[in-house]
Amino acid sequence: MSDDVRVNGEEPTTGEAESPDYDNAFDAIVVGAGLAGSAAAVTMANEGLDVLVIERGRYPGAKNVFGGVLYTPTLRELVDVTAAPVERYVAEKRFSMLSETDETAVSLRPGEWHDPPHNDSYTVLRGEFDRWFAEQAVEAGAVLVTETTVTGLLRDDSGKRIRGVETDRPDGAITADYVVLAEGGNSLVSEGADLKSVERAENIAVGVKEVLEFPENDTAIPDRFRLSDDAGASYHYFGEGAVGSAVGGGFIYTNEDTISVGLAYRLADARGRQPKPEQTLNAFKSHPAVAPLVRGARTVEYGAKTIPEGGHESVPQLVHDGAVVVGDAAGLVLNNGVHLEGTNMAIESGHLAGEAIAAAAQRGRTDEAALRSYPERLEASFVVKNLERYGWLMERVEADRDLIFEELPHALADAGAEYFRMDREPKEHHAEAARDRVLEAVGGWRGAAKLAYRYREVIR
């Protein structure tokens with residue numbers, strides 16, 4: 001890795017920030033200035049609460065290894081999205097099955113996605129976007145402190161009610177009526193305070209991402225991804241050609257002048273025989289279907305993170321006396337291979353939590369019961385409904401991993417080559433051979449029927 005590569009997008013430090021001199025009289029403290037944290041801060045500040053946002057990075061987004069798409073339906077209700085630093089709107093979604101050397105792909109390019117608000121889907125660089133979103137909270141009245149780590153929670157004498165946070169700064173105890181835990185997937189504060197349990201490796205993915213630029217080639221991105229103007233693309237890859245024998249996949253997202261390339265797969269596989277993430281990423285970039293898209297690119301940013309994938313069953317208790325848990329810290333991520341969502345869930349949960357706190361503050365209450373509207377409204381929202389709908393999928397994919405990630409990519413590639421084979425045989429023979437190759441992989445007509453039945457919920 002060259003010296004000019006930024007790790008996790010961080011810029012050179014300008015020295016430690018001065019220790020803030022606060023009177024410990026905030027209404028609410030938000031731990032983490034990511035999407036969920038800033039959404040909660042904007043919501044509460046707009047309701048007139050005194051809000052403190054504490055971010056451990058040098059700036060919001062500095063610690064974020066996000067590689068994808070921002071979904072904006074709820075965000076548009078909170079801020080002026082037209083002023084946000086987005087990269088491109090998503091005009092194409094492409095899904096590819098990769099064997100070691102082959103690609104079988106399906107591409108979607110609906111014409112309506114070119115019209116505002118572009119299906120509420122935009123690629124972003126979180127180092128820039130999170131900074132901007134946090135600024136919206138500050139403009140609404142919140143106070144933002146960076147380079148500060150929350151080390152624990154403060155409780156009252158009963159040991160039950162949470163009444164603030166402990167930080168790594170001198171005299172770092174800060175009290176408040178409410179604490180919003182938006183610390184992301186690596187939620188050490190929530191776990192240390194016994195507000196959630198440590199997740200099993202089977203329910204966590206490891207993600208690794210690079211941001212690549214094309215020196216002296218201004219047309220590489222529009223030419224290689226067939227784009228014009230501000231249109232962009234999201235490419236998703238599955239099979240052994242993407243992540244080897246692991247359960248997971250790879251991705252490419254087009255930014256304005258760069259592309260984000262990465263992959264994610266189960267932490268349990270990362271601890272096994274699977275090569276290390278950086279090696280797996282390099283192998284993915286060298287695949288014959290991917291290499292032409294990244295040819296001549298230079299890495300300008302690299303990072304890795306963990307991603308919660310436990311689904312609805314892994315969502316912890318969301319409200320406590322004086323505290324709520326939101327976003328990735330609450331396990332609110334949907335990854336079923338077709339729908340890869342988390343940004344919209346984070347913003348929705350932060351917004352609903354902020355509204356619940358504002359309502360409780362109006363009644364002068366901090367108890368768990370006063371905050372119940374947050375999980376109740378979340379249960380009724382798309383967030384939990386989507387998690388419940390696809391909660392079964394990861395277990396099913398694990399049971400069928402050899403078929404989905406190894407056998408089926410090979411079978412589809414062979415069937416495609418056979419179906420379109422040019423020789424002196426009748427087309428009927430090639431069609432029959434292609435069909436037989438797929439049926440062989442799935443166990444015949446009976447196997448195909450069973451496979452369709454097992455995954456029927458994906459399209460129901």
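## A walk through selected local features

Over residues 402–455 the chain is 83% helix and 0% strand, with the end C-alpha atoms 16 Å apart. Helices here are DSSP runs of H or I with at least four residues, strands are runs of E with at least two, and both are numbered from the N terminus. For this stretch, residues 402–455, UniProt lists "domain: FixC-like C-terminal" in an unreviewed entry; its positions follow the numbering used here, feature names are shortened, and annotations may be inferred rather than shown by experiment.

A word on the source: this is a predicted model, in which local features need pLDDT of at least 70, side-chain atom pairs count only at pLDDT 80 or more, and totals for chains, interfaces and linings use all residues. Residues are numbered from 1 along each chain as its sequence is written, and side-chain values use heavy atoms, leaving out hydrogens and water.

Let us turn to a pair of helices. The axes of helix H11 (residues 373–380) and helix H12 (residues 382–389) come within 4 Å and cross at roughly 55°. H11 is therefore oblique to H12. Axes are lines fitted to C-alpha atoms, for helices over the stretch in contact, and angles run from 0 to 180 degrees between N-to-C directions; under 35 degrees counts as roughly parallel, over 145 as roughly antiparallel, 65 to 115 as roughly perpendicular and the rest as oblique. Leu378, Glu379 and Ala380 in H11 meet Phe382, Val383, Val384, Lys385 and Glu388 in H12, where contact means heavy atoms within 4.5 Å.

Strands S9 (residues 150–155) and S10 (residues 162–167) run antiparallel and are joined by five bridges; two strands pair if DSSP finds at least two bridges between them. Gly152 has Glu166 in S10 as its bridge partner. Six residues separate the strands of this hairpin, and Gly159 has a positive phi near 80°.

| Residue | Phi | Relative accessible area |
|---|---|---|
| His118 | about 60° | 12%, buried |
| Arg226 | near 55° | 47%, partly exposed |

His118 lies in the loop between S6 and S7, while Arg226 is in the loop between helix H5 (220–225) and strand S13 (231–238). Pro117 is in the loop between strand S6 (103–108) and strand S7 (121–123), and the peptide bond from Pro116 to Pro117 is cis, with omega near 5°.

Definitions and conventions: Buried means under 20% relative accessible area, exposed over 50%, partly exposed in between (1.4 Å probe, protein chains only).
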